[in-house]
Amino acid sequence: MFSLNGSSFTNNSLSGVSRCLTQSSRRGVSGPMVVVAAVNSNGKPGDRNVSVLVENSMKESAAAPVEKEIKSTVTGGVGDVYGEDSATEDQSITPWTLSVASGYSLLRNPHYNKGLAFSEKERDSHYLRGLLPPVVVNHDLQVKKMMNNLRQYEVPLQRYITMMDIQEMNERPYYKLLMDNVEELLPIVYTPTVGEACRKYGSILRRPQGLFISLKEKGKINEVLKNWPERKIQVIVVTDGERILGLGDLGCQGMGIPVGKLSLYTALGGIRPSACLPITIDVGTNNEDLLNDEFYIGLRQRRARGQEYAELFDEFMYAVKQNYGEKVLIQFEDFANHNAFDLLAKYGTSHLVFNDDIQGTASVVLAGLMAALQLVGGTLSEHTFLFLGAGEAGTGIAELIALEMSKQTGIPLEETRKKIWMLDSKGLIVNSRMESLQHFKRPWAHDHEPVKDLVNAVKSIKPTVLIGSSGAGRTFTKEVVQAMATFNEKPIIFALSNPTSQSECTAEEAYSWSEGRAIFASGSPFAPVEYNGKIYASGQANNAYIFPGFGLGLIISGAIRVHDDMLLAASEALAEQVSQENFEKGLIYPPFTNIRKISANIAAKVAAKAYELGLATRLPEPANLVAYAESCMYRPAYRSYR
């Protein structure tokens, strides 16, 4: 039998659970065949295309399956890390979440549908004759055809919608497609196209891809989580939609971000799709255009704040742990500053939480800076940093840089922070502004006369590194870049804001205005630039380098908390993956074509740090963590169905 929820089938060929992790005993049915006898709503035999197995949530019936140990021999997918967690055992299951399918229903199930790749034998066994054209194709040809179809579309959003359709129709080719063409498709499923997709998410939504939890569900979140068909969740990406990329408050339509992030957790980090859960917390929106849009799919009210917001989130966090256990990773995504820092601080000591905007961005930027030192020389502590933007991304990056400098030199953190300057909308952050500063900006206030604009700040501070995280496009003007180039032989310029329209400057501007001397990286991808007969390939400081491998490392070690040293370990692991060949091209990040290998190395470093810090629970520690991480990664290959 196999199940639509991906957690109750017993056919080893379908399990998607890695042989690298020990399976615990669980309930299963005797016999690994697909059940084809059906019962309709009248209790009479129905057609044989679908059969629904109903499990009584109150008590087991006399005909319930017997317990038996199931051993998987299949590679692919990080296995069930919650088998030992009582919090995930004996949970009541909504009666309609367990079902088995064949025939037409099988073709409509993205987890098990193989389309034209069903063999002749499978078509006979699973009542597919006549439902498919007669040709049988292999997986590779299927993926090749899908990629050929994608390339027919010139508009990125059309490609995004097509990718969404593929994912909802046939899961394995979707991930195979993304893995094999990661450099071409990453800008489609992630930044910058995902920003446009979020703007129009209500119009392009085909079928639910995650859970929407709104204020209407207050008091019932535990039951809402049970409506999701998968029981063994390892990673949750959650947003409240208030600060989507550089686009602002998109409310409920921010769901595109968790969906996109979790696609990358699977494709780049090897987390099995059934272990990933996208969630949007809908507390309203302050976006007037959405509130007045008759087609808006979210709550039509202004954002809840204060106690109402806090109570909803407390209930959500408690329900997640109750349903999925202590070791489920909860990634906060695109929360506004006033919530992002508070949520991370509040739940960091009680849950396994990670904020990609604060911590993931910081880790990937630090890795780029470590690599850039190979081109400019010196150590981190010998450089001076100036940030345009002092929000969650900017202050997160700054704090991790200061931590790494402190680690390398032994200098107290309070001193290393003095090498880092920040400019917000009111000017340079200095001590004279201390009383009016938000709490997360205060560590970056230093002794200096007030400076209102970026050009004069650059001329006064004379930074060797200029980092933009402001969300304001074209703020690294020609005058700013030229000023950087006057006192730096190789100025390091990071224009990190997303999407492309919000980037502080383009790659072409950075290289031309610095006379080809800049070391440039951006948040959104830019094509190679030709200047004075030389080709410059700019790097992308993309969080996708970090968070998939970081999450995998937490899972394979059974980590229960995130520690700053894990972020430093991830940065070091990424910087080590930049080759001499990459440096010769001016790149400070490795190519995405090697991302699965990169993720495995990051996972190994993060897991090693978890063991070192005593935060790992999966014991004993594997002898070779890189090989272990690779063996645990999901691989979207078709399996033979009986």
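**Strand pairing and helix packing in the model**

Strand S10 (residues 385–388) and strand S11 (residues 420–424) run parallel to each other and share four bridges; strands and helices here are DSSP runs numbered from the N terminus (E, at least two residues, for strands; H or I, at least four, for helices), and two strands pair if DSSP finds at least two bridges between them. Within this pair, Leu386 has Trp421 of S11 as its bridge partner. This is a predicted model, with pLDDT of at least 70 needed for local features and 80 or more for side-chain atom pairs, while totals for chains, interfaces and linings use all residues. Residues are numbered from 1 along each chain as its sequence is written, and side-chain values use heavy atoms, leaving out hydrogens and water.

Zooming out, S10 and S11 belong to an open sheet of seven strands with mixed pairing, ordered S12-S11-S10-S13-S14-S15-S18. Its edges are S12 (427–428) and S18 (539–540), each of which pairs on one side only.

Two helices lie across this sheet. Helix H14 (residues 356–376) lies across S10, S13 (465–468), S14 (492–495) and S15 (519–522), at about 155° to S14. Helix H17 (residues 454–461) covers S10, S11, S12 and S13, at about 170° to S10. Axes are lines fitted to C-alpha atoms (for helices, over the stretch in contact), with angles from 0 to 180 degrees between N-to-C directions; contact means heavy atoms within 4.5 Å.

Turning to helix pairs, H3 (residues 139–150) packs on H5 (residues 171–180) at about 70°, with axes 10 Å apart. That makes H3 roughly perpendicular to H5 (65 to 115 degrees). Residues meeting there include Met146 and Leu150 from H3 and Pro173 and Leu177 from H5.

Notes. Angles under 35 degrees count as roughly parallel, over 145 as roughly antiparallel, 65 to 115 as roughly perpendicular and the rest as oblique.
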